[in-house]
Amino acid sequence: MKKPSLSLIIFAFNEASIIEKSLNEYCTFFNKFDLDLEIIFIDDGSTDNSWQEINLLSKKFKNKILGIRLSRNFGHQNAVMTGLK
């Protein structure tokens, strides 16, 4: 039987210093449930190194982490809608 799957949308705005720590916390929590987990990071126009952090993690964990970079800050509601689409 196939594992249940879950896509988690996380939006970031100038969160470079905590992106990897947040990823570790989410993975630790969701690994308890034996899910096929996909994490979608949305960079909502950050001016720090958030996109570089997301990009590195998406290369490190291929097929598990997707990074999307918005051209400017559109607000968290639009970032979530981008992840849903």
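Predicted model: local features only at pLDDT ≥ 70, side-chain atom pairs only at ≥ 80, totals over all residues.

Before the helix pair, two conventions. Axes are lines fitted to C-alpha atoms, for helices over the stretch in contact, and angles run from 0 to 180 degrees between N-to-C directions. Helices (H or I, at least four residues) and strands (E, at least two) are DSSP runs, numbered from the N terminus.

Residues are numbered from 1 along each chain as its sequence is written, and side-chain values use heavy atoms, with hydrogens and water left out.

Now the helices. Helix H1 covers residues 19–30 and helix H2 covers residues 50–60; their axes come within 10 Å and cross at roughly 45°. That angle makes H1 oblique to H2. On this scale, angles under 35 degrees count as roughly parallel, over 145 as roughly antiparallel, 65 to 115 as roughly perpendicular, and the rest as oblique.

Which residues in H1 and H2 meet? On the H1 side they are Ile-19, Glu-20 and Leu-23, and on the H2 side Ser-50, Glu-53, Ile-54, Leu-57 and Lys-60. Contact here means heavy atoms within 4.5 Å. By class, the contact of H1 with H2 has four nonpolar, one polar and three charged residues. For those classes, Ala, Val, Leu, Ile, Met, Phe, Trp, Tyr, Cys and Pro count as nonpolar, Asp, Glu, Lys and Arg as charged, and the others, Gly among them, as polar.

Staying in H2, Ser-58 is found in this helix. Ser-58 counts as buried because its relative accessible area is 15%; the cut-offs are under 20% for buried, over 50% for exposed, and partly exposed in between, with a 1.4 Å probe and protein chains only. Leaving aside neighbours within four places in sequence, Ser-58 is in contact with Ile-65 and Gly-67.

Next, the rings. Searching the whole structure gives two aromatic pairs. One of them, Phe-29 with Phe-30, is edge-to-face, at 5.0 Å centre to centre and 85° between the planes. Rings of Phe, Tyr and Trp (its six-membered ring) pair if their centres lie within 6.5 Å; planes under 30 degrees apart count as stacked, over 60 as edge-to-face and the rest as tilted. Ring pairs link Phe-29, Phe-30 and Phe-33 into a cluster. Phe-29 is partly exposed at 40%, whereas Phe-30 is buried at 16%.

On to the backbone. Most residues other than glycine have a negative phi. Asp-34, not a glycine, has a positive phi of about 50°, and sits in the loop between H1 and strand E2 (36–43). Asn-63, also not a glycine, has a positive phi of about 70°. Asn-63 lies in the loop between H2 and strand E3 (65–69) and is exposed at 76% relative accessibility.

Last, the strand end of things. Ser-7 is in strand E1, residues 5–12, and is partly exposed at 44%. Where does the side chain of Ser-7 make a polar contact? With the side chain of Glu-38, at 2.5 Å. A polar contact is a pair of N or O atoms within 3.5 Å; within protein, one must be able to donate a hydrogen and the other to accept it, and residues adjacent in sequence count only if both atoms are side-chain atoms.
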